[in-house]
Amino acid sequence: MNLNVNFILLAPEILLTVLAFAVIILGLLITDRSKNMLGYISAAGILASIVYVLGNGMTGKVSYFYDSLVVDPLSQVFKLIFLIVSLIAVIASIEYFKNNRNQDEYYALILLSTVGMMVVASANDLIALFVGFELASMSTYVLAGFEKKNPASLEAALKYFLIGSLSSALMLFGMSLIYGITGTTNIPGIIDFFSIAPFAAESSLGVLAMIFLVAGFGFKMALVPFHMWAPDTYEGAPSVVSSLLAAGSKKMGFVAAFRVIVLALVAIRADVHFTFAILAIITMTYGNVVAVSQRSIKRMLAYSSIAQAGYIALAFVVTTQMSIAGGIVLALGHALMKGGAFIAVAVVGYMVLSDNKNAKNIDDLSNFAGLGKRAPITALGFFVFFLALAGIPPSAGFIGKLLLFYSITIEAITPTGVLTSSWLLLIVIIAILNSALSIYYYARVIKYMYVLPPVGEKIKEPAAYVTAILIAVVGTIGIGLYPEPFINMAMNAANIVLGV
Amino acid sequence: MFSDFAALIVLLPVIAFVLTLFLGKKLPHGGAYLPIAAIAGSFIISAGIFLEIYPEGIVQQSIPWFSSGSSTMNMGILIDPLAIVMLLMVTFVSLLIHIYAVGYMSHDPAKSRYFAETSLFTAAMLSVILSDNILQFFISWEVVGVCSFLLIGFWYHKPSAAAAAKKAFLVTRIGDVLFLAGIVMLYVELARIIENPANAFEIGSGNFILQFKTMFEAIPLIDKTQLTYITLLFFGGAVGKSGQFPLHGWLPDAMEGPTTVSALIHAATMVTAGVYLVARTFPMFAATPDTISHGVPDALLVVAYIGGFTALFAATMGLVMNDIKRVLAYSTVSQLGYMMLALGTAGAVLGSKAVGISMFHLISHAFFKALLFLCAGSVIHAVGTNDIREMGGLFSKMKITAVTMFIAALSLAGIGIPFLNIGTAGFFSKDMIIEGAFEYGEVTGDMIPYAFAVIAALLTSIYIFRLWFMAFTGKPRSERHSHESPSVMTIPLMILAVLALFFGFSHTGFYGYVESNFELMGVDLGVHEGEPFHPSVIVILLPVIVGVVGFLIAYLIYNKRILDMSKIISSQNPLYKLLYNRYYEPKIGADLIGVKLTHDVAAQTGEFIDRKIIDGLVIDTIISSTIFKIGEVIRKMQTGVVQNYASITILGVALLLVLLRLEFGGI
């Protein structure tokens with residue numbers, strides 16, 4: 001590998017990094033009032049990157065920097081997820097942080113966190129993986145506390161930071177153990193080592209290393225029991241940042257787990273599905289049950305996000321091409337649905353604050369009464385996102401869950417109809433019951449929006465929010481109506497995960 | 001050139017629907033110009049395509065939609081003669097009715113909703129026509145049904161309208177379920193055929209499994225009994241949509257919607273979708289085995305009898321209705337019966353000619369029936385009532401309406417001059433149907449469908465002229481000052497009247513063109529094409545004779561009043577009672593099946609189980625409260641203290657250690 005290779009496939013990362021610095025420098029030069037344009041510049045850069053990623057690297061595999069970064073279908077799918085979430089968040093931020101004098105720093109941080117996530121998606125080396133994780137985490141720690149006059153925002157940021165540091169420490173410890181065992185930080189090298197010497201992975205040290213990595217990734221994924229920070233942080237952080245955290249940064253954990261853990265498990269042919277099944281079941285059940293009793297919509301969305309992580313984690317249970325593809329499609333769908341839903345909460349916040357400047361608990365359920373009349377597009381957005389999160393067709397949520405549940409069912413039942421593994425079937429049943437339970441709390445909000453009488457006048461929904469919500473709505477329904485290309489994309493990525 | 005834009009035929013009204021829905025309230029006339037412009041665009045494109053492909057072109061465009069297993073579904077467009085005549089008719093009639101509605105709905109506060117819904121309806125209907133596969137056909141068919149439901153219940157604050165909408169939705173649903181079951185059976189059968197290598201059946205590249213083309217190609221390989229089931233299930237869908245016996249009850253009730261809706265949806269377009277479905281899949285119907293009557297495919301026999309019976313049965317009820325729109329509704333049911341009858345009888349003996357005969361009646365019916373409804377709307381607009389007993393003497397006040405309606409009535413009654421080939425549209429189209437039924441009788445010796453058709457023709461003539469004489473002649477029976485409608489309403493009437501008068505002259509060209517449909521698609525019908533038949537003079541004259549006789553009867557009774565009807569029309573006369581109560585169909589349908597059986601027995605039992613046992617016991621006391629309690633407990637675990645969070649994280653690591661060790665075994 002030499003450094004003279006063509007960096008063209010890394011153009012999105014390079015573009016966004018340059019843009020982040022450009023935004024900061026530009027911010028120093030222009031007046032506070034003209035800083036509003038920085039949001040548009042950032043959005044344009046992200047949009048260009050999306051177009052670029054869509055057009056390049058969807059097939060084949062190219063590695064860079066002594067094999068520490070790799071561009072392949074898996075990295076591209078996740079980059080697409082991160083970029084879309086980031087685009088939605090940036091567009092909504094144009095309104096949310098309008099006339100804020102620190103906008104330059106805000107957009108630079110968003111861009112850098114996006115770059116961090118993209119590095120994780122491409123990482124082919126534990127060091128690169130860690131650096132990407134930290135770049136994304138450090139940026140989002142600051143973003144979560146960006147409303148520095150708001151104590152809730154600061155508390156959210158601090159908790160996120162403390163638990164995040166703990167997880168980083170665990171993850172780094174796990175990585176160092178792996179380096180100790182295998183003598184390399186290169187992921188394919190590690191996989192090769194373990195496939196030759198599977199006993200090394202099953203030794204106490206190997207298991208400990210794996211647990212630490214799972215804990216580190218699980219923190220990002222908000223898997224139970226590493227989820228504790230998530231509800232507090234999503235609730236306290238600015239809604240647009242919650243959108244980035246819940247929809248984007250969470251997927252960082254998944255892509256890392258796909259690249260390292262699943263690949264390693266496949267290599268050593270270990271049957272640890274039971275552990276992941278328990279994690280997934282606990283996570284989805286916990287998320288759904290606690291979501292039922294929430295009155296704060298942001299908290300409800302946070303728990304629903306935990307539940308969705310549980311569904312996506314079902315991909316680890318059987319590790320077939322279809323299950324991983326299902327996980328990826330659901331991750332993509334979740335990015336759109338959850339990203340859009342948090343932006344829609346931002347509109348409600350805007351609406352409540354324009355009624356009463358000193359309103360408290362702005363995301364309380366009672367503020368959603370008659371939203372269908374007060375803010376029709378936002379309410380429509382919520383309606384679509386909630387149905388999609390509950391897995392009702394035609395939506396991305398439905399397609400993702402369908403693939404996941406189906407992939408586990410065909411593992412449990414042979415094509416001739418013989419039940420081979422009843423506990424796998426039990427997982428599917430629990431997951432479906434969970435979906436049914438989740439309809440309860442989604443439908444409750446829908447009832448508030450459309451059945452109850454409005455508590456105020458109709459508002460004018462700001463164009464930036466509307467654009468962001470509509471992008472998410474179109475994506476959510478689009479994947480549901482025309483899933484073919486997305487499933488193919490996910491299937492290609494799944495091949496990479498399985499090392500095919 | 002135009003065929004490149006075929007997709008726009010559907011997309012333009014869809015766009016108009018979205019725009020009208022969101023912006024209609026802010027635009028003049030409720031945004032009516034958007035759908036009008038869009039449908040005019042669809043009409044122009046359709047006309048352009050027609051000129052391009054006539055006489056033997058076909059437009060086919062298809063893209064894959066999604067895959068299921070090894071088979072791929074598609075979305076696509078197929079414009080063959082059958083589709084193009086329907087396209088032209090639907091876009092044209094829809095355009096005229098939209099223009100008319102600008103005047104008719106001018107005082108309605110919810111008119112933007114009206115125009116949005118009719119625009120969506122038009123889009124869905126055009127999509128039904130254009131579909132090149134049965135799945136897309138069904139989906140569009142369902143959207144059409146939803147629009148019909150919305151528009152029947154347009155004045156939803158009226159309980160009768162809401163009830164009628166519900167009834168229409170539920171009754172047509174029975175047909176739709178049958179139709180869907182037919183599609184599923186067909187799919188399973190086709191998949192079986194493709195999987196069996198012995199059949200050597202392959203779907204060509206660019207073709208898809210549920211495309212009509214593939215379906216037709218596979219006909220010889222489909223199990224014959226299965227084919228009968230599939231076609232009869234399809235016909236079940238058609239019976240629901242086209243208001244055939246025994247699912248006809250919803251159509252007269254559907255008159256609760258605005259009259260323009262009745263004209264557009266429940267006369268000219270949607271209700272003909274059922275006939276179109278049978279015509280579209282005609283090769284399948286024609287290929288069913290003849291187990292009941294020799295030489296007559298079973299499916300066509302059923303179609304012929306259901307159609308013929310409906311034609312007569314509905315006409316009898318049309319005789320006694322007093323609501324102007326209900327008379328027309330029963331007339332529609334009856335005429336749709338004629339179209340089915342044509343497909344069944346002529347289909348059995350004349351092969352694909354039947355499609356031409358049936359479609360010709362469909363198109364001419366669309367013109368004169370839309371005209372009748374619009375005239376009725378004009379009358380209702382003027383006198384403010386639907387009851388023909390309260391009308392009368394309107395001729396001098398609304399000349400244009402009276403004359404155009406008379407033309408429509410002549411056309412419906414099939415009046416014309418035989419041998420000279422001069423006559424109204426209905427004259428040509430209905431004559432062919434009755435002659436086809438006669439030919440069927442000659443060949444098979446079964447004259448019953450022919451008898452249905454002739455008697456129904458007599459009744460048709462009576463009820464329509466009864467309606468006309470009662471409304472326009474005699475003394476005014478109400479005090480209301482009535483006046484002619486505005487020109488935005490009368491001009492569409494005149495255009496339709498011209499078509500109702502002169503459309504018939506296109507019959508030779510029309511038959512030849514539509515007949516060639518399946519040939520152009522490369523389908524071998526496998527039906528023996530009958531000899532060119534030369535019916536006797538009386539057979540040719542009879543339809544006109546009964547039409548004229550009907551006119552005279554109506555004239556003598558309702559204009560000259562030589563017969564005192566009050567003796568016949570009394571609640572003592574059991575026949576009158578039977579007809580007036582619509583054969584007690586609403587009683588049987590709504591009260592017995594709907595209320596007693598479905599509601600009292602099934603629904604109440606279900607509700608008891610749900611409310612008392614599942615909801616009361618399980619949901620309330622066990623599941624619901626437990627989940628809430630667990631949720632509350634866990635909520636308290638979320639202390640907000642960050643040290644606890646860290647401890648839980650470490651506990652999680654320990655838990656993982658235990659789990660993984662259990663799985664790997666041993667430490």
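At what angle do helix H1 and helix H4 of chain B pack, and how far apart are their axes?

**View 1. Helix H1 against helix H4 in chain B of this predicted model.** H1(B), residues 6-23, and H4(B), residues 111-130, pack at about 160°, with their axes 8 Å apart. Since anything over 145 degrees counts as roughly antiparallel, that is the label for H1(B) and H4(B). The crossing is left-handed. Look for Ile9(B), Val10(B), Pro13(B) and Phe17(B) among the H1(B) contact residues, and for Phe115(B), Leu120(B) and Leu126(B) among those from H4(B). By class, this contact has 13 nonpolar, 5 polar and no charged residues.

**View 2. Where chain A meets chain B.** Chain A puts 29 residues into the contact and chain B puts in 28. On the chain A side, H6, H9, H10 and H12 each supply at least two residues, and H12(A) gives the most, with 7. That side of chain A has 21 nonpolar, 3 polar and 5 charged residues.

**View 3. The loop between H9 and H10 of chain A.** Pro225(A) sits in this loop, joined to Val224(A) by a cis peptide bond with omega about 5°. Ala222(A) is in the loop too, and has a positive phi of about 60° despite not being a glycine. Ala222(A) counts as buried because it has 29 C-beta neighbours inside 10 Å.

**View 4. Asn99(A), in the loop between H3 and H4 of chain A.** Here's a non-glycine residue with positive phi, near 65°. Asn99(A) has 9 C-beta neighbours inside 10 Å, so it counts as exposed.

**View 5. A cis bond in chain B, from Phe245(B) to Pro246(B).** Omega is near 5°, and Pro246(B) lies in the loop between H8 and H9 of chain B.

Methods: Residues numbered from 1 in each chain as written. Chains lettered and ligands numbered in written order. Predicted model: local features only at pLDDT ≥ 70, side-chain atom pairs only at ≥ 80, totals over all residues. Axes fitted to C-alpha atoms, helices over the stretch in contact; angles between N-to-C directions. Helix = DSSP H or I, 4+ residues; strand = E, 2+ residues; numbered from the N terminus. Parallel < 35°, antiparallel > 145°, perpendicular 65-115°, else oblique. Left-handed = near helix turned anticlockwise from the far one by under 90°. Contact = placed C-beta atoms within 7 Å. Nonpolar A, V, L, I, M, F, W, Y, C, P; charged D, E, K, R; others polar. Buried ≥ 20, exposed ≤ 12 C-beta atoms within 10 Å, placed from the backbone.
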